[in-house]
Amino acid sequence: MVSTAEAPPAIATADTPILERLRPLMLPTAFAAGVLLAWQAVVFVFDYPKVILPAPSDIFAALTGNFAEIWQHTVPTIRDTLAGFVLAALFGVGFASLLSFSKLLRDAIYPLIVVIQLVPKIAWTPLFIVWVGIGWQSHLTIATFIGFFPIFIAMMAGLESTDRSLVRLCQGLTATPGRAFWLVRLPASMPYLFAGLKIAITLAVIGVIVAEFISASEGLGFLILKSAALLQTDVIFAAITVLCVLGLVFYGAVHAGEIAVRKWRGE
Amino acid sequence: MTDLGLPFQRNLWLGIGDLGRDAARLVVPPVAAAALLFGGWELLSRNGVLSARLLPAPSKVFETFVRSLGVLLDQAQPTFWGALAGILLAALLGIALGIAVSYSRALMQAVYPTIVFFQLIPKVALAPVFLLWFGTGFDANVIFSVFIAFFPVVVATITGLQAAPPSYERLCQALMMSRFRMFLAVKLPFALPHIFSGLRIGVTFAVIGVVLGEFITAQTGLGYIILFSANNFETALLLSAILLLCGVGMALFSIFLALEMIVTRFYDSR
Amino acid sequence: MNANATLLAAAEVASSAPSPGYVAIDQVRKIYNAGTRHQVEAVAPTSFSVKAGEFVSLLGPSGCGKSTLLMMIAGLEAPTQGSISVAGRAMTSPRAETGIMFQDPTLLPWKSALDNVLFPFRAMNRPVEPEIVERASTLLDHVGLQGFHGHKPRQLSGGMRQRVAICRALVYEPDLLLMDEPFSALDAITRDEMNLVLMKMWEEHHRTAVFVTHSIREAVFLSDRVLVMSRRPGRIIEDVRIPFSRPRGLEIGETIEFNEICGHLRSKIEHRPH
């Protein structure tokens, strides 16, 4: 592509007034605080029973009151999600790298994977439970399974879209396919990989929770369903709050990795 | 750099003769790979290498599929209609909110982070709450399905409405177009590919929403069949139900693909 | 695919002992998508040769097949018919004795200018000795990039990036330099500067060079010989020797002789009828 003069990115500089700089942060915070307050008020005014809609204060009380139990169920969820995600990344990157060396293999397998990708994969969860059993192994397998596809597809796209002239340059310099892969194609596909990893980490959490819904004796998904059966709605929301924090932390970690890679790439 | 053509001017249709050639080149390797896969699976199942309980042979699955087609089709109805209702409502709400947010800076700053927040958290965890609120029937499944299919549509709409290059907006201002005409003539055509890709993600999410509801309430639908057969180790029935669910997914997907083609053609011919 | 052509070329190299030039192109033809409806003849059967140390430009309208011809000389594309030899050996795959420059600088965005210049050694899996780093730094200094060795491509202007690409093409001291419209994406003023830089580097290192361009003035300014190519399918329709002595400065562009040569070349380039 022809390089064009880049417009300076619209980031706040040091001489922007502090209030102006905090504006993008303040509005959403105010909005969120407003929602929480309104929620509390609605519950108070209309006197909703805690079973239907617990107020934020009830949820906080449930969170602190049942912290030991919630934490006990949080550990397996974190463990299975992270392990599944790491395996998905290894398989996804490895498999895509392998396919990038053979056009025939790519033509044969890539369309099949794209077709499988269209299928609602959550629906396969019971199948994995039949195959792997009802323990953490199946939860991890499901997280790996649904995390694999976005990583694989993003990595394929990254490896395919490597600047053609860079590939030509490597050929012209008589670089072996292996060296061209290691020096150019792999680093060039990093932005794509991270796009895939971000999707995969959120999907891995979802996979583990659904698996815990269906069959488990531990994990936040199990706790949510158990509390639903006992009509402890405040505990459900407390568990969901923990899940939200987990989801954000996981995503933030991948995002931080992406920023580090961008920095390394000189962007 | 001077190429300021509108999108949709992709030259998709090659010559008919080469279409056959290209199709052969594109279709033969994956079909061969699939045949190899299923052939190997069948063979290994018949030799007893793969346990019939865990992974019955494709022929056995097909037999079960045909035998149980009546029940399966019956149970596919609530899943299909639930997911269709889910994605349609999600599309309506999502596109409307996306447009509203794109035209108000304050609304954007307030709402967008909330939307991003919901994109990042595992929304499926809320399924039991929805069932608690809306009962355990068809309606609750649809509402939950709308809830999780809605977000990709909003985000895609907002991204899409920012996709028109600034030069177009300047052109429209120079031509003294009204904001509404500019929306129809420039913003929307640039946004449509994004919106449709958001809808495609939304379709998958809508199906997931309904199936998840069926998993949890376990009363009707393909989700129920899948869970039921898993509990009874009827793997052939389980695979048949997943197969039909794929069919449901593809059917919904094709509806939106067709819609995209119609809209694209409409913009092409203007 | 072109096993026949390869065999023929090998036989020819063996029989006709003193090869006609350092780069010898013999009846080379390129047809894309042969046998389909999309068949396109990019290069009609073409022959020419380049002497060792000569700077030759291929000049022609866009899409005339000049870049294809260059890629075939580089061994990056195989001719449909005919043969190409460089230094007496048939060119069937890329060789380490050729340096290539493309229209865009094709730098690795995550590597510094210096590391980009050293990239050929990494690609060819050769050790990067301290004297090679020294050589790369000297090259960067010579093209006017003192103080930018550690900058990433994003922090450099378009002209500076192309300077890095020139250094990268020269650093492993290839005998043959192949350039595919390397400056066509630059503005006119930067382009003049780059022509001077290239001229200086070429005069210092004195490689054989084949330069593809659609700028008549650029071709005349840089070259010993200019070959004009016809519209597609491309073939050579004019071979003009450029008489100016070296070193050359931009002021030769003001001379009557320079402009007469340009006028002559312009008359030979076929313009698409409107």
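Colleague: How many helices and strands are there in chain B?

Modeller: Chain B has 10 helices and zero strands. Helices (H or I, at least four residues) and strands (E, at least two) are DSSP runs, numbered from the N terminus. This is a predicted model: local features need pLDDT of at least 70, side-chain atom pairs count only at pLDDT 80 or more, and totals for chains, interfaces and linings use all residues. Residues are numbered from 1 along each chain as its sequence is written, while chains are lettered from A and ligands numbered from 1 in the order in which they are written.

Colleague: What box do the C-alpha atoms of chain B fill?

Modeller: Roughly 75 × 60 × 30 Å, taken along the principal axes.

Colleague: And what percentage of chain B counts as buried?

Modeller: 38% of its 270 residues. Buried means 20 or more other C-beta atoms within 10 Å of the residue's own, with C-beta atoms placed from the backbone.

Colleague: What share of the contacts in chain B with a separation of 6 or more joins residues 24 or more positions apart?

Modeller: 76%. A contact is two residues whose C-beta atoms, placed from the backbone, lie within 7 Å.

Colleague: Switching to chain A. How many of its residues are in contact with chain B?

Modeller: 43 residues of chain A, against 41 residues of chain B.

Colleague: Which element gives the largest share of the chain A side?

Modeller: Helix 11 of chain A, with eight residues. By class, the side of chain A that touches chain B has 38 nonpolar, four polar and one charged. Ala, Val, Leu, Ile, Met, Phe, Trp, Tyr, Cys and Pro count as nonpolar, Asp, Glu, Lys and Arg as charged, and the others, Gly among them, as polar.

Colleague: Now chain C. Which domains does the assignment give?

Modeller: Domain 1 (3-97 + 175-268) and domain 2 (107-173). The bounds come from an automatic or database domain assignment. The centres of the two domains of chain C, taken over C-alpha atoms, are 25 Å apart.

Colleague: How many residues are in contact between those domains of chain C?

Modeller: 13 residues of domain 1 with 11 residues of domain 2. Helix 6 (residues 188-205) of chain C gives the largest share of the domain 1 side, seven residues.

Colleague: What is the strand order in the open sheet of chain C?

Modeller: 2-1-4-5, four strands with antiparallel pairing. Strands pair if DSSP finds at least two bridges between them. Strand 2 (40-50) and strand 5 (89-90) of chain C are the edge strands, each pairing on one side only.

Colleague: Over how many bridges do strand 1 and strand 4 of chain C pair?

Modeller: Five, in the antiparallel sense. Arg29(C) stands opposite Gln81(C) in strand 4 of chain C.

Key:
A residue is buried if 20 or more other C-beta atoms lie within 10 Å of its own, exposed if 12 or fewer, and partly exposed in between; C-beta atoms are placed from the backbone.
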